[in-house]
Structure formats: C-alpha cells, structure tokens
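Here is a short report on charged side-chain pairs. Keep the sequence and the 3D view open as you read.

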Amino acid sequence: MKRSTSRRGAVLATVLAFAAVLAACGGGSSASEKPKATTSTAAPTTTTVAPPTAPLTGKADPGGASLTRPALSVKVENTDFARPQAGIEQADVLYEEVVEGGITRFVAVFNSEVPPVIGPVRSVRQEDPDIVWPLGGIFAYSGGAPVNVDATNAAPVHAVDETNGEALVRNEPSQPPRDAPHNLYGLGPELFALGGDPKPPHALFTYVAEGSPPVTGRSVESFHVGFDPGYDPTWTWVGATGAWARSIGGVPQTVTGSGTISPTNVVIQFTNYTGEGEAQTVGEGDVWIFTDGTLRQGRWVRPDKAQPAKYVDAAGNVIPLRPGRTWVELLPAGAAVDVTDGPPPATTVAPVTAAPPTTAKKK
C-alpha cells in the first residue's frame, strides 16, 4: 500500500512540473507584448489652386502678368482717316463715344495684353475723365480743350500726352503713312513703363464662371447700332468663335495687324449727351447686353464717378458678362438699335420608344 501511494505522488509531481513548463512557454499574450503596427492605404489628398484671373476680362491668367500692371487707357480716333487702327482688337474693354459732328472715338483700355502700337491717338473730351476715373492707371491722349485737359489732370490717372515722354510718336514705321493729326501712335510697352496705380485695376464687370453654359436670353443673329452714318456698326454673332464680328456699311472693320475685332460681349449703354461730345456716364439709363448670341435688357446704374456702372435686371440682380473682351457703346438715348433675331435655341426631344410587338393568339 505504501508503494502504491508513493507511485501516485510521483505522478502528481510530474504533472505539476509539466504544467509549470507550459505556463512559462504558453501561447497567450503577456502584459509586456507590443501591439502590431497597422499600415494605412488611404490615398493622399491634393488641393487644386485656381489660376489668377485678369481683372478686366474675367479670364484665367496663369502667368499672373495682368495682376502686375495698371490699366492703360488710350484715346483713339475712328474716322476714315484713321482706319484701320492699330492695337484696338487687343483692348480688354473699349468704350465708343460720340464727339462733335456725330463722329465717334474710342477709349481703349488694356491690361491683360500689351500691344506694340496703339492708335492713332487723338484729343481728350469732357466725358473721358469720368470714363477712366474708376480705372486709374495711365491715360494717353493728344491734347484737347484746356477745360478737358484740366479735368483729366484732376483724375486719379497718370496723364500722358505728346509733350511729356517718348511713348507717343509720329509716323510710326509699322503703320500706314498718314498726315497729322492722324499719325500719332502710342507704344504699348513704353506707356506701361511710365507706371500708374492701382496694380491691378479694379474689375469693371461681373462675370459668369469661365466655361459655364451659355446665358439665356433673346436669340440674336446680328444688331445694328444707330450712331450717325459712317460710324454705325453692325455686330454679327459668330458661334464658332463665341464672339461678335464688327462691320460698318457691310464691310468688316479691320486693324493694321493680323488680329480681328471680335469681343465676347457688346454692351449698349444708352447715354444722355449735353452739347457736343459730352456723354453723361454718371447716372443711370437703359442697357442692352449682347452675350453668347443673346440679348438681355436691364438698367445701368452709376451714382458716383469713382465706381464703374453696374448692370442690373428688373429685379435688381447684377447681369453678368461672359469672360472675355467687352465693347461698350455709349449710344445716345433714343437712338435706334435694330436687332435681327437668331434661330430659336435647340430643344432636346426625348426618343420615342416603340412598344414591343404583340402576337395574336390562335383561336
């Protein structure tokens, strides 16, 4: 019996010893075991920065050059003696105004591009200081009546005429030979080099997003602007280029270079005139805006010469333009604008789905 008891004790001791070994080498986690590292597979995020926008066209300016320059406004002649003109097709904004005798002249405004030559340059008129006032920058012209020159010098611009620099030259070799006073030209780089503020100029208009769908309005094929004969342009919509082509008397108005006059927007700003060539651009009146082959109508409102005109609809909402070049016709109030309607907008017709064929049952 003692032998049997001893044998059982030996077996128990062996079992206990084996259990201790298992505990020391066990497969469970211990308090000192470190957690396994995890690897993330999420893709890195990127931020797209929109390119700078040219202030006077609303178009993207990836190089940002327009933001480093002021506005350059140049008074340009528009008689037969001055046509074809130089550089006006590159203007971001161009105002056409009536002067004495019913003729028109231009105030061409540049910022996003720098034409090598602009002109012919002519004299300042009473309305010009108010036109350039919200732009600042540089204003080049060729003299004028003392009262108008004084008003120009009082405006917040760097006024430049033929007497104060080499940026205005006569008989520019790249231009057709012409007699004075139709042979004075501005040199774009030299005029910008004279400096002016602010840099960049403040925007004149509100724009839809670049690349957005066409605006909606009355469809227009062309329209005739009722300035006096010889200065009365017809603008024709060219859908392939998204721009308006200008002609006078059925003949395209051209420039001396290889470019074309083809603004994205044409604005008819019906304007009161007092005397000869004295457009009242501060105030308000009717406005017709031609964009994307359409016409939208509203009011222009400008209570202060320090601010540009704002274009609003009947509800007071701002009427936006398409990013691009803009010509503003300061047409005398009451003058006619003859509009030729374009084709109606295309409509999408839902396809007709044929009913499945039926099989007659045999009787």
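## A pair with an exposed partner

Arginine 83 and aspartate 80 form a salt bridge, with the closest N and O atoms 3.2 Å apart. This is a predicted model. Is aspartate 80 buried or exposed? Aspartate 80 has a relative accessible area of 61%. The cut-off for exposed is over 50%, so aspartate 80 counts as exposed.

Now turn to arginine 325. The side chain of arginine 325 meets that of aspartate 92 in a salt bridge, at 3.7 Å from N to O. Where do the two residues lie? Arginine 325 is in the loop between strand S16 (310–312) and strand S17 (326–329). Aspartate 92 is in the loop between S1 and strand S2 (93–98).

## A buried pair between strand and helix

Lysine 75 pairs with aspartate 128 in a salt bridge. Their closest N and O atoms are 2.6 Å apart. Lysine 75 belongs to strand S1 (residues 72–76), and aspartate 128 to helix H2 (residues 128–132). This pair links distant parts of the chain, 53 residues apart. Lysine 75 is buried, and aspartate 128 is buried too.

## The wider count

How many salt bridges does the structure hold? The total is 16. Some share partners: Lys75, Glu97 and Asp128 are joined in this way into one network.

Conventions
Residues are numbered from 1 along each chain as its sequence is written. This is a predicted model: local features need pLDDT of at least 70, side-chain atom pairs count only at pLDDT 80 or more; totals for chains, interfaces and linings use all residues. Side-chain values use heavy atoms; hydrogens and water are left out. A salt bridge is a side-chain nitrogen of Lys or Arg within 4 Å of a carboxyl oxygen of Asp or Glu. Helices (H or I, at least four residues) and strands (E, at least two) are DSSP runs, numbered from the N terminus. Buried means under 20% relative accessible area, exposed over 50%, partly exposed in between (1.4 Å probe, protein chains only).
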